[in-house]
Amino acid sequence: MALTINTNISSLIAQRNFDSATNALNLSIERMTTGYKINHASDNAAGYSISNMWVTQLGSLDVAADNAATGADLLSTAEETYGLLTSHLQRVRDLTEQAANGTYGSQSLKAIQSEIYARLQEVTRIAANSEFNGIKLMSYIEGGTEEENKDVGMTSNGINLQVGLYANEYSRINLDVSLFSNASVSGLFASMANIGTQLTGANASYVQGTTKLNSDEGMQTLAAACAGLIYDADEEKLYLQTGATFGAKEMLDFLDDAIDDISSRVTAIGAAQNRVSSAVSALDVQSQNLTSSLSTLRDTDIAEESSNFIQAQILQQASATLLSTANQLPSVALNLI
């Protein structure tokens with residue numbers, strides 16, 4: 001190699017290696033201080049894209065888990081409220097069984113009717129007020145008009161819990177609308193709509209499975225039937241039944257139907273709760289596995305990177321020393337002049 005003054009190849013080589021070592025040192029410092037080995041797309045273009053997608057999915061999985069937990073809370077609220085309704089109806093059945101015995105006078109039957117009436121009122125009140133985040137849990141009228149169901153907060157498709165990442169059916173759990181059917185007196189005694197004309201007496205016209213049962217007059221009449229009485233709406237009085245009228249013993253079957261209806265709903269709610277719990281567990285596993293994969297792809301191995309840091313630091317120091325030496329090489333030419 002020729003000895004020149006204007007061009008110092010040794011210095012240029014030392015400068016290039018010094019810059020390379022400095023860049024490697026800065027990269028190691030960035031990776032160790034951020035904890036990530038992918039901080040820019042230039043570090044790993046494919047890995048950068050994949051890590052961003054996984055971060056987005058992890059956020060969505062957290063939301064899906066919250067959705068499932070909220071759905072479980074909704075179902076628990078409904079289940080506990082149905083428990084209240086069951087306790088009231090069981091007491092009504094006990095009183096009706098008592099009235100059907102035929103050993104009670106009119107005053108005793110009126111006392112029975114009074115308690116049954118109060119409990120029927122409470123059943124309808126609880127059903128009307130049972131809600132979760134603005135969704136009525138016991139008010140949907142199956143087969144009802146849009147106007148009748150406008151304030152319920154759900155459609156005929158029920159409630160869909162979004163417990164997955166995607167828009168397909170496998171990312172949703174559907175809570176059937178039957179779980180949230182009308183649980184007022186009218187809804188629970190809907191089977192009475194089929195009693196036909198075989199029953200006679202003043203009670204028969206009112207003990208039909210219609211919204212009439214939710215009115216004060218309807219519940220008075222229904223309570224009177226359970227107590228073996230007749231309610232005269234015009235005079236607002238109770239009378240003993242005479243002849244072939246609709247009374248306590250006939251009401252036992254309808255009370256059993258209402259209690260069975262609630263039991264079926266609670267059983268279905270229990271099954272839905274199991275599905276939701278399973279979804280939460282599956283989301284936890286998916287989130288854990290995705291987090292592990294993201295860590296492998298993106299997180300810095302501090303042990304490895306610290307070795308790279310020491311290597312780059314030594315190379316930088318060596319390059320700096322040699323650069324200083326290389327810069328002095330042209331001065332040798334002065335000894336030849």
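Let's start with a term: helices here are DSSP runs of H or I with at least four residues, strands are runs of E with at least two, and both are numbered from the N terminus. Axes are lines fitted to C-alpha atoms, for helices over the stretch in contact, and angles run from 0 to 180 degrees between N-to-C directions.

What you see above is a predicted model, where local features need pLDDT of at least 70, side-chain atom pairs count only at pLDDT 80 or more, and totals for chains, interfaces and linings use all residues. Residues are numbered from 1 along each chain as its sequence is written, and side-chain values use heavy atoms, leaving out hydrogens and water.

Now, our helix pairs. Helix α1 (residues 9–34) packs on helix α7 (residues 302–327) at an angle of about 155°, and their axes lie 8 Å apart. Angles over 145 degrees count as roughly antiparallel, so that is what α1 and α7 are to each other.

Helix α2 (residues 45–99) and helix α3 (residues 106–129) pack at about 160°, with axes 10 Å apart. These two are therefore roughly antiparallel as well.

On to the inside. Which residues have the most contacts within the largest nonpolar core? They are Leu74, Leu175 and Phe189, in a core of 60 residues. Such a core is a set of buried Ala, Val, Leu, Ile, Met, Phe, Trp, Tyr and Cys residues joined through side-chain atoms within 4.5 Å; buried means under 20% relative accessible area with a 1.4 Å probe, protein chains only. Helix α6 gives the most to this core, with eleven residues.

Definitions and conventions. Parallel < 35°, antiparallel > 145°, perpendicular 65-115°, else oblique. Buried < 20%, exposed > 50% of the residue type's maximum accessible area, 1.4 Å probe, protein only.
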